[in-house]
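Trainee: I have a new model open on my screen, and I would like to learn how to read it. Could we go through it together?

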Amino acid sequence: MSEPRFTGDAQPYGGGDPYADYRAADFPFTHLTDLADRRLGAGVTAANDEFFAERENLLKPGPATFEPERFGHKGKIMDGWETRRRRGSGGARPHPADTDHDWALVRLGVPGTIRGIVVDTAHFRGNHPRAVSVEATALPGTPSPADLLADGVKWTVLVPRTEIGGHAANGFAVDAPRRFTHLRINQHPDGGIARLRVYGEARPDPAWLAALGTFDVVALENGGRVEDASDRFYSPAAHTIGPGRSGRMDDGWETRRRRDLGHDWIRYRTAEQAEIRAVEIDTAYLKGNAAGWAALWVRDGEPGPAAGTEPGGWTEILPRTALQPDTNHRYVLPAGVVASEVRLDIFPDGGISRLRLFGSLTRSGAARLAARHRELGG
């Protein structure tokens, strides 16, 4: 477990840009899927206290905002989760006991293995917790808060009680090779947290995928992932395999304007080896900036070289095809194609909002997925 990158007290807000003195860093795990993304179905199901600011704010997409003059009947309204100040047992002992703390339960949007956690205290300066800890568990089905808090539930410590900094992104690498469904985040003894991000790999239930038969084999929620991309200037490539249709222009992948004769691309890994039979390429909300043409390539086996555009082993399944702006394009392949890696090329630049690859796992792919599920405690 690595120590958080930032500790210590932040200075009071002095006016101007509220993010001017915010402390952050490029953590090595933030390129992975945020398993606690509300758009994947994550939620904060319970908290022992949310007097000043609601627990649901923890998982809101995007950075926290700050309005200096915004106050309500209970005090300053903050864009995060904030509890009241804890007190001791009486005048002789006015301070909270060392074991006193506040907590919130988080349901991950999709079960997964966790590689890193960011506890973001943006705009919480003198009101951030002194320390935090994070625990995780895995329960089947849709457990209630009472089920999660029941005696006998086994919780694994992902982040031990550790002091953190205010108005900072406090990052923790996690080494826990198991599959989890829920988290419990603790504030010691009280205070406020703006955002919680939980980075890792999605590990859906193989029995569910088997029951579906045909599904989107590259979707984040089904265990697909982006391995690399040529350009992430305007938005992350992982948006292209997010849930649902894009609802606005920035909920997709858009590259900068090219001034050379090259092209842009994304390389994906499917949930496991699969037979792909149909493709959707959606340019929803991309109008004057949609890609002009697209092509799809596949290959089977282990991930290839980092550059992602080497011709060796790649098979073209969709030749260079013109795309229309703000349109969902559907293609039925002449025959099923077995693959575990996919490359989308766009020409010359621009973007798409979603890529869907419909198919089913091969017999060997399903067997490997089931074996991995068992290894991770599923």
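Trainee: Let's start with K287. Which residues does K287 touch, not counting residues up to four places away in sequence?

Mentor: Keep in mind that this is a predicted model. K287 sits in the loop between β16 and β17 (293-299), and its relative accessibility of 52% counts as exposed. Leaving out residues up to four places away in sequence, the ones K287 touches are P325 and D326.

Trainee: How far apart are the C-alpha atoms of K287 and T113?

Mentor: Along the chain, K287 and T113 are 174 residues apart.

Trainee: You mentioned D326. What is the phi of D326?

Mentor: D326 is found in the loop between β18 (315-322) and β19, and it is partly exposed, with a relative accessible area of 37%. Most residues other than glycine have a negative phi. D326 is not a glycine, yet its phi is positive, at about 50°.

Trainee: Where does H123 lie, and is it buried or exposed?

Mentor: H123 also has a positive phi, near 75°, in a residue other than glycine. Its place is in the loop between β6 and β7. The cut-off for buried is under 20% relative accessible area, and H123 has 6%, so H123 is buried.

Trainee: Which residue does R248 meet in a salt bridge?

Mentor: R248 is exposed, with a relative accessible area of 53%. The N to O distance is 2.6 Å, and the partner is D250.

Trainee: How many salt bridges does the structure hold?

Mentor: Some residues join up in a network of salt bridges, namely R225, E227, R267, R269, R299 and E341. Another bridge links R277 with E275, at 3.2 Å between the closest N and O atoms. For the structure, the count of salt bridges is 31.

Trainee: Which strand gives the most to the lining of the second largest pocket?

Mentor: That pocket has a volume of about 740 Å³. Its lining has 32 residues, with P111, L139, G141, R179 and T181 nearest the centre, and it divides into 14 nonpolar, 12 polar and six charged residues. At least two lining residues come from each of β6 (102-120), β7 (131-137) and β10 (180-188). The most, five residues, come from β6.

Trainee: What is the omega of the peptide bond from H188 to P189?

Mentor: Most peptide bonds are trans. F347 and P348 are joined by a cis one, with omega about -15°. P189 lies in the loop between β10 and β11 (192-193), and the bond from H188 to P189 is cis as well, with omega near -10°.

Trainee: Last one: over which residues does pLDDT stay under 50?

Mentor: The protein chain averages a pLDDT of 93, and 95% of the residues score at least 70. Where pLDDT is low, the predicted coordinates should not be read in detail. The stretch under 50 covers residues 303-309.

Key: Residues are numbered from 1 along each chain as its sequence is written. This is a predicted model: local features need pLDDT of at least 70, side-chain atom pairs count only at pLDDT 80 or more; totals for chains, interfaces and linings use all residues. Side-chain values use heavy atoms; hydrogens and water are left out. pLDDT is the predictor's confidence in each residue, from 0 to 100. Contact means heavy atoms within 4.5 Å. A salt bridge is a side-chain nitrogen of Lys or Arg within 4 Å of a carboxyl oxygen of Asp or Glu. Buried means under 20% relative accessible area, exposed over 50%, partly exposed in between (1.4 Å probe, protein chains only). Helices (H or I, at least four residues) and strands (E, at least two) are DSSP runs, numbered from the N terminus. On a 1 Å grid over the protein atoms alone, a cavity is a set of points where a 1.4 Å probe fits but cannot get out, and a pocket is an open set with protein on both sides within 12 Å along at least five of seven lines; lining residues have an atom within 4 Å of a point. Grid points are joined across faces, edges and corners, and a volume is the space filled by probe spheres set on the points. Ala, Val, Leu, Ile, Met, Phe, Trp, Tyr, Cys and Pro count as nonpolar, Asp, Glu, Lys and Arg as charged, and the others, Gly among them, as polar.
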